[in-house]
Structures are given as C-alpha cells and as structure tokens.
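Thanks for coming. I will show one structure and then go through a few of its residues.

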Amino acid sequence: DFLLESMKDSPVRAIEIKLSQGAKPGLGGLLPGAKVTNEIAEARGVPVGITVASPSSHKEFHDVETLVDFVESIAEATGLPVGIKSAIGQIDFWSDLAAHMAVHNRGPDFIAVDGGEGGTGAAPQVFADHVSLPFREGFSAVFSAFAKVGLQDDIVFIGAGRLGFASDAIVAMGLGVDMISVAREAMLAVGCIQAQKCHTGHCPTGVATQQRWLVRGLDPADKSVRLANYIDALNHEMVKVATATGVTHPALIDPANIEIRNGDGHLHSVTEHYGLRAEWFGDARRSKLEAALAG
C-alpha cells in the first residue's frame, strides 16, 4: 500500500530492487540524522533528525525462489517492469536465478550490474577498494549465466561502474549491455569535486548536502546546462565510433570489432577476452536491439 501510495502522483516507469551496489557492496546505506530534514523525512517516512540505517539484506526474500516471488508480486500490483540491481560477488546466485527463470518463465524484466569501480565519498575504504568484482568481469559472469540457458535476449541488461566515457561504454555494450547508467561523471558535470564529505552534510559544492547556504552553490539554471552538455558529448562520441564501424548505434557494434590486448601480447575480441561465446551475439540480439531503437 505504501508503495502504491508513493507512486500515485509520480511518473514511475519501472521499479528496481537493489540487492547491492558497487559503491557500497554488501552494505546497507546510512543516512546521518543531521541530513534528515523535514522534506527528506516526509519522502522516506522517517522521523526528522534521526539517523536512518538501511539493512544490508531484504526481509521479504532470502533465496532465488522468494526473490522471484517478490519481483512478480510488485509487477502484478503495479503493472510496471521490475528489475534487480547488484554488484557481483557470488556467481552461483546468478546461475541459479537464470536456471529458475528458464524453467518457470518468471523473474526480473531487467538486471542492472554495478561494477566494484562504483564511487561514493561515504563507503568504507576497504569496501570501495576490494569488495565486489570489477564491472567487466562481473557483468560477463552474469551475462554468461543467462546466455547459457538462452535468456540473454529476453532480459534488458544495464551496466554501471565508470562507464561514463565513450570507450568504456562501448566496450560494455560489446559485452552485452543494452543500457548504460552514469553517476560519477554526471555529478562531476554539476560540480562535484570528490571532496568525500558526502556523509558529513558539508559538501563544499552543494551537491550532497541539505545546508541551505551550501546548496546555493548548486545553481540549477547553470548546472542543468553543464549536465546536458556532458550527455550530448558522450552520446556524440559513442555514435561517431559506431558509424566508424558501419552501424548507426553503439549497441549494434559487432563485438568482433572491439579488441583487447591480452597478457600474452596478442589482440583478442572483447567477447573472447572475457569468456563469452560469439554465438550469443547473433541475429536474435541484433533484432532485439533494432526493434528497441525503432520503438
């Protein structure tokens, strides 16, 4: 009921269940009480000025079957696409999820894979540096799990984790990503200087604070233009690379055209380098992408 009520006056297009994230893998979020203003308290349904500690796990599910049940219950109640987001650690979980979905024909509509490169000024350093797989390794493992049971073309895959530059975004699409999420570079565009004071309420540029006199530094009229310029430039660079390979969109680039120099000094296609099979990127995937672009 709370979910449906919160969506009533909002343009919600999809719902994402976050299992974990690259910026804080395996941890629940912590919102210090000093940052819980009246506005935030109302939005989150919590008391003003009280620290909010989000748990690192969900009480609604505990394994693959109950996760799928939870996803389907939200989809049924809202009529919206429902997906999951996670940094990657235990590969067996993804193999089990893929196998369950292949048999029962139910589960998340999209999967967002967050690389361990994800950044935040509020994560413990050991987690930020050493917990969860880097994006390319983590995503390749997840994509492989679903491709092995023939579901790679039935799910929308989203990638994140320092993919805000054209070269990295194109490699991600060569690995099977359908969409790119960008956070760090977008924040830099609106003024973040990575002061790593996100959790203190004293962000000097006004990006991650509720202090009125600091927030004044985040001028929407100016910063919105800067952000739009960044997105336009990223899109322009990706499309230019795509056209250089003979296609109209970066998602249509043949993975065989993306090569990585291996430790042996030889060039290998990006799929070969990360243990993916060429047949997983055939006509069905191309048709899926072309249909999405046409729509």
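I start with a definition: a disulfide here is a pair of cysteine sulfur atoms within 2.5 Å. By that criterion the structure holds zero disulfides. Take Cys-198: its closest cysteine sulfur is that of Cys-192, at 6.4 Å, which is too far for a bond. For Cys-203 the closest cysteine sulfur is again in Cys-192, and at 6.5 Å that is also too far.

Before going on, the provenance. This is a predicted model, in which local features need pLDDT of at least 70 and side-chain atom pairs count only at pLDDT 80 or more, while totals for chains, interfaces and linings use all residues. Residues are numbered from 1 along each chain as its sequence is written, and side-chain values use heavy atoms, with hydrogens and water left out.

pLDDT is the predictor's confidence in each residue, from 0 to 100. The protein averages 89, and 97% of the residues score at least 70. Helices (H or I, at least four residues) and strands (E, at least two) are DSSP runs, numbered from the N terminus.

Back to the cysteines: are they buried or exposed? Buried means under 20% relative accessible area, exposed over 50%, and partly exposed in between, with a 1.4 Å probe and protein chains only. Cys-198, at 25%, is partly exposed, whereas Cys-203, at 10%, is buried.

Next, Ser-86, in strand E4 (residues 82–87). Ser-86 has a relative accessible area of 6%, so it counts as buried. Which residues does Ser-86 contact, leaving aside neighbours within four places in sequence? With contact meaning heavy atoms within 4.5 Å, they are Leu-19, Ser-20, Trp-94, Ala-112, Val-113 and Asp-114. With Ser-20 there is a polar contact, side chain to side chain, at 3.1 Å. A polar contact is a pair of N or O atoms within 3.5 Å; within protein, one must be able to donate a hydrogen and the other to accept it, and residues adjacent in sequence count only if both atoms are side-chain atoms.

Last, two arginines. Arg-261 lies in strand E8 (residues 259–261) and is exposed at 55%. The side chain of Arg-261 reaches the backbone oxygen of Gly-265 at 2.8 Å. Not counting residues up to four places away in sequence, Arg-261 touches His-266 and Leu-267. Arg-212, in helix H9 (residues 212–215), is exposed at 74% relative accessibility.
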